[in-house]
Amino acid sequence: MRALVDSTAPVGLTAAKLPVRSRLESVDLLRGVVMVLMALDHTRDYLHWSQVHGFGPTDFSTTSPPIFFTRWITHFCAPVFIFLAGTGAFLSGSRGKSKRALSWFLVTRGAWLILLELTVIHWAGWAFTLDIHTYLGIVIWAIGWSMIVLAALIHLPIWAIATFGILLIVGHNAWDGIQPRAFGGAAWIWQVLHAGGAIKFAPGFQLRIGYPLVPWIGVMAAGYAFGQILTRGWAERRGLVLRLGIALTIGFILLRFSNVYGDARPWIVQARPGFTVASFLDCTKYPPSLCYLLMTLGPALIVLAWADRDTPRTLKPLLVFGRVPMFYYLLHLPLIHGLALMIETFRFGSAPWLIGLPFVPHIPPPPADAGLPLWGVYIAWAVAIALLYPACAWFAALKRRRRDAWLSYL
């Protein structure tokens, strides 16, 4: 007879299914890691000299390996964030929430996130100005719409949800050659779903789609179906997650090497070997290609399998960030933006290029020596993380103590 308790499992984890009210620390830990990396990316957006002066970190004519890989490591953030949002929805349902209640929560939270993206996150986070003429459809927008679609999908069998998600992830690159203009007056629909770009919806008003929805809806659906694996016994789920992560990573290497399908931008042998590796890893994010998603989700699942044990004491702070991801997100942008504004105002007396979006040209342009070297970015990032921790620890403790409905929306 199979033993009920797996003697190789960490304390508190058994071979039985995940207890109804328990949390998996490995999921919170992985989410915490990507939240911290997200802060690095946004610190670079506001403070690194190359970004300030319009030089892209993946432009091989102007970048360097340290700058490229500082940007590349943050590619893991959005796919893991959205995938685990789907996983979290499944685990929430497995703890006793009815499908009807879960659907309503996904619809209302999704709508709330879209509203936040179009208003507070833009005005108080990205721009530091009340700009009513430009609106952004980026990561929180994509999560919101993906949740609304998932609210309908959860009433299907798990195999159907998994199939739907995989088909969107694997198949959407087949549509790369279709341009919005092919749809005439409905071009904006294709921009929202797949192509991205600026949509002028009224004179002087535009919505800039950075995260087209189709692949991200697929990622969240796949994450929801993946949640079923995490309800299995410790040894079984850890083995399944590890094998899946290895398979996705190998799939990325083989597919990317072929240059046949999966990314609109082929890799090219460069004059310097380091840049050849960079070209191989420089997959398309907007929208996320199949190669991009395999490259990020595969290693992330390997880390998730490794993390499925007692969390080392040195990594415990990451659990705090992983348990309050939306609260963290809402805080980190104004904090990093404000920190950058303070630093550059101290250096130059004022910093008008830091008012408005950080990824558009500013008139007049910033001074030639504006922005920090990469080591300065890393110091500012560490300061931002240290400042975020107390507030996130307080909010995580509040969520443990109370079950107010509004807390689940942050």
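**Helix packing and local features of the predicted model**

The buried residues of α12 are covered by elements that include α3 (65–73), α11 (234–258) and α13 (290–307). Helices are DSSP runs (H or I, at least four residues) and strands are E runs of at least two, numbered from the N terminus. Buried means under 20% relative accessible area, exposed over 50%, and partly exposed in between (1.4 Å probe, protein chains only). Helix α12 itself spans residues 273–281. Its buried residues are Phe-275, Thr-276, Ala-278, Ser-279, Phe-280 and Leu-281.

The model is predicted: local features need pLDDT of at least 70, side-chain atom pairs count only at pLDDT 80 or more, and totals for chains, interfaces and linings use all residues. Residues are numbered from 1 along each chain as its sequence is written, and side-chain values use heavy atoms, with hydrogens and water left out.

Over the whole structure, the search finds 27 aromatic pairs. Rings of Phe, Tyr and Trp (its six-membered ring) pair if their centres lie within 6.5 Å; planes under 30 degrees apart count as stacked, over 60 as edge-to-face and the rest as tilted. Tyr-211 and Trp-216 form a stacked pair, with 5.3 Å centre to centre and 25° between the planes. Tyr-211 counts as buried because its relative accessibility is 7%. Trp-216 is likewise buried, at 1%. A ring also takes part in a contact with a charge. The charged end of Lys-97 sits over the ring of Phe-105, 4.6 Å from its centre. The criterion is NZ of Lys or CZ of Arg within 6 Å of the ring centre and within 35 degrees of the ring normal.

Axes are lines fitted to C-alpha atoms, for helices over the stretch in contact, and angles run from 0 to 180 degrees between N-to-C directions. Angles under 35 degrees count as roughly parallel, over 145 as roughly antiparallel, 65 to 115 as roughly perpendicular and the rest as oblique. Contact means heavy atoms within 4.5 Å.

Helix α1 (residues 25–47) and helix α15 (residues 325–348) have axes that come within 10 Å and cross at roughly 25°. The two helices are therefore roughly parallel to each other. Their crossing is right-handed. A crossing is left-handed if the near helix is turned anticlockwise from the far one by less than a right angle, and right-handed if clockwise. On the α1 side, the contact residues include Arg-31, Met-35, His-42 and Tyr-46. Among their counterparts in α15 are Tyr-328, Tyr-329, His-332 and Glu-344.

Helix α8 (residues 158–171) packs on helix α10 (residues 213–226) at an angle of about 145°, with the axes 7 Å apart. This crossing is left-handed. The α8 face includes Ile-158, Phe-164, Gly-165 and Leu-168. The α10 face includes Val-214, Pro-215, Gly-218 and Tyr-224.

Helix α5 (residues 99–118) and helix α6 (residues 120–127) pack at about 45°, and their axes are 3 Å apart. They are therefore oblique to each other. Leu-115, Leu-116, Glu-117 and Leu-118 of α5 meet Val-120, Ile-121, His-122, Trp-123 and Trp-126 of α6. His-122, in α6, is buried, with a relative accessible area of 0%. Beyond its neighbours within four places in sequence, its contacts include Glu-117, Asp-131, Tyr-135 and Leu-357. Phe-128 is another of these partners.

Phe-128 lies in the loop between α6 and β1 (134–137). Its phi is near 55°, a positive value in a residue other than glycine. At 28% relative accessibility, Phe-128 counts as partly exposed. Asn-259 also has a positive phi, of about 55°, although it is not a glycine. Asn-259 is in the loop between α11 and α12 and is partly exposed, at 34%. In the loop between α12 and α13 lies Pro-287. The peptide bond from Tyr-286 to Pro-287 is cis, with omega near -5°.

Met-147 is located in helix α7 (residues 139–153). This residue is buried, with a relative accessible area of 5%. The C-alpha atoms of Met-147 and Thr-108 are separated by 9.0 Å, while the residues are 39 apart along the chain. Leaving aside neighbours within four places in sequence, Met-147 is in contact with Ala-85, Leu-106, Arg-109, Gly-110, Leu-113 and Met-220.
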